[in-house]
Amino acid sequence: MDFDFDERVDRLGTDCIKWDAAAPGVLPMWIADMDFKAAPVIRHALQERVTHGIFGYTQTPRRFYEAIGGWWRKRHGLDVPTDWIIPVTGVIPALSAIVRALTDAGDKLLLQPPVYNHFFETAKHCGREVVESNLRILDGRYTIDFEDLEAKAADPSVKLFFLCNPHNPVGRAWTAEELHRVGEICVHNGVIVLSDEIHSDLVFAPHRHIPFASLVGLPGLKSITVSSPSKTFNLAGLQVGYLFSADESLRSSIRQVLAAQEMVLLNPFGIEALIAAYQHGADWLEALKAYLMDNFNELVAFCKTHLPATRVIALEATYLVWLDCRAQVTSAKAFADELLVREKLWLIPGTFYGAAGEGFLRINIACPRALLREGLERLAKSLDAPQYP
């Protein structure tokens, strides 16, 4: 089946954060939200649910759990028993519940900047301190500084390690060897791993997603995985996700917090969308990934010709491209602010993901190719202009 990812859908006036939060004429390429219609199988499932006409309190059916288990088994070779799975209204609420369940005031959370901004927000909202072990960039590719990670994990106050797998915003799909070393460090220091795998389905060949929960041979390793179809199938507005863990004691503690926060019921549309996506959405996903990689190649070619001083970090996963503009930009935030005002292009400055992101920009390429080209042309005007910061 052919899917039309070139179709431009007018989202203005639909109350979407991406477009309706922007001023007139602004091209938003910031938030991780795709400008593609949901897969036809998902739209059909939602239409059927609407036709039924009643949307009362909804229990999470067994087929929800089975769809998740089947997806992870087929896509990632991981067996996820149904009793490992806990439904949640999204990854961000899950992060908060996990932190509250597994850490106490005074405990510290270990992060690897530049990294997903809500890791910092969760720590702040929960009153926990952040310890940073910055990723290293070598020859245009990010790696883990294992020596520094081990030193930071040795702090007895560090109780929980936030792993972004695949990594947002630097686009890495961590290897089995890298994840195994992370696991060894965490076991040795008694640190629980929280693996955010919301981008797990958006990994490009020859790379592949390695679920952290698939690690074996590390007795004592404790981990929780959080995920959702929201990034893969652009369903964030339906607020549906899940977490899973092999450790019953961790699940029990998290369930208690979710119950206390009245976060145990999902909406019927989120349930139906997840099931349809995971049972019937694989063909759409493969077509999407091919389109996204073509978009990335277009971006690389454009930068090579028009922005030779901008280094494009290789994209192993996600649809969020990390641009190294350190040769042209001294302040990523000042530049992004000016870019929004003068060229009406909305990108995210790298410092949004921690101080380690200074000099970088993040651009979302999950849009029709015509919009991508327009955004790149606006970016080129700014980076070529000496009056910008």
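In helix 11, the buried residues are Trp284, Leu285, Leu288, Lys289, Tyr291, Leu292, Asn295, Phe296, Leu299, Phe302 and Cys303. Here buried means under 20% relative accessible area, exposed means over 50%, and partly exposed lies in between, with a 1.4 Å probe and protein chains only. Helices (H or I, at least four residues) and strands (E, at least two) are DSSP runs, numbered from the N terminus. The model is a predicted one, in which local features need pLDDT of at least 70 and side-chain atom pairs count only at pLDDT 80 or more, while totals for chains, interfaces and linings use all residues. Residues are numbered from 1 along each chain as its sequence is written, and side-chain values use heavy atoms, with hydrogens and water left out.

Helix 11 has 25 residues and reaches 36 Å from its first C-alpha to its last, close to the 36 Å expected at 1.5 Å a residue. The expected span of a helix is 1.5 Å times one less than its number of residues. An α-helix has 3.6 residues a turn, so residues three or four places apart point the same way.

The nonpolar core comes next. A nonpolar core is a set of buried Ala, Val, Leu, Ile, Met, Phe, Trp, Tyr and Cys residues joined through side-chain atoms within 4.5 Å. The largest one has 72 residues, and those with the most contacts inside it are Ile42 and Leu379. Helix 11 gives the largest share of this core, 9 residues. In soluble globular proteins, nonpolar side chains tend to be buried together. With neighbours within four places in sequence left aside, isoleucine 42 is in contact (heavy atoms within 4.5 Å) with Phe233, Leu235, Ala273, Ala276 and Ala277.

Phe64, Tyr65, Ala67, Ile68, Gly69, Gly70, Trp71, Trp72 and His76 are the buried residues of helix 3. Their cover includes strand 2 (85-88), strand 9 (223-227), helix 8 (230-233), strand 10 (241-244), helix 10 (268-280) and helix 11 (282-306).

The loops on either side of helix 3 can be followed in turn. Threonine 58 lies in the loop between helix 2 (40-52) and helix 3, and it counts as buried because its relative accessibility is 16%. The side chain of threonine 58 reaches the backbone oxygen of glycine 56 at 2.8 Å. Apart from neighbours within four places in sequence, threonine 58 is in contact with Arg49, Leu265, Leu266, Pro268 and Ile271. Just after helix 3, glycine 77 takes a positive phi of about 65°. Proline 81 is in the loop between helix 3 and strand 2 and, with a relative accessible area of 26%, is partly exposed. Proline 81 and isoleucine 363 are 282 residues apart in sequence and 37 Å apart in space, C-alpha to C-alpha.

Several loops hold backbone features of note. Most residues other than glycine have a negative phi, and most peptide bonds are trans. A cis peptide bond, with omega of about -5°, joins proline 113 and proline 114; proline 114 is in the loop between strand 3 (108-111) and helix 5. Glutamine 112 has its place in the loop between strand 3 and helix 5, and is buried at a relative accessible area of 2%. Beyond neighbours within four places in sequence, glutamine 112 is in contact with Ser133, Leu135, Ile144, Leu149, Phe161, Leu163 and His167. Another cis peptide bond joins alanine 205 and proline 206, with omega of about 10°, and proline 206 is in the loop between strand 8 (192-196) and strand 9.

Two residues other than glycine have a positive phi: glutamate 262, near 55°, and threonine 318, near 75°. Glutamate 262 is in the loop between helix 9 (248-260) and helix 10, and is exposed, with a relative accessible area of 68%. Threonine 318 is in the loop between strand 11 (311-312) and strand 12 (320-324), and counts as buried at 0% relative accessibility.

Methods. Polar contact = N/O pair within 3.5 Å; in protein donor to acceptor, adjacent residues only side chain to side chain.
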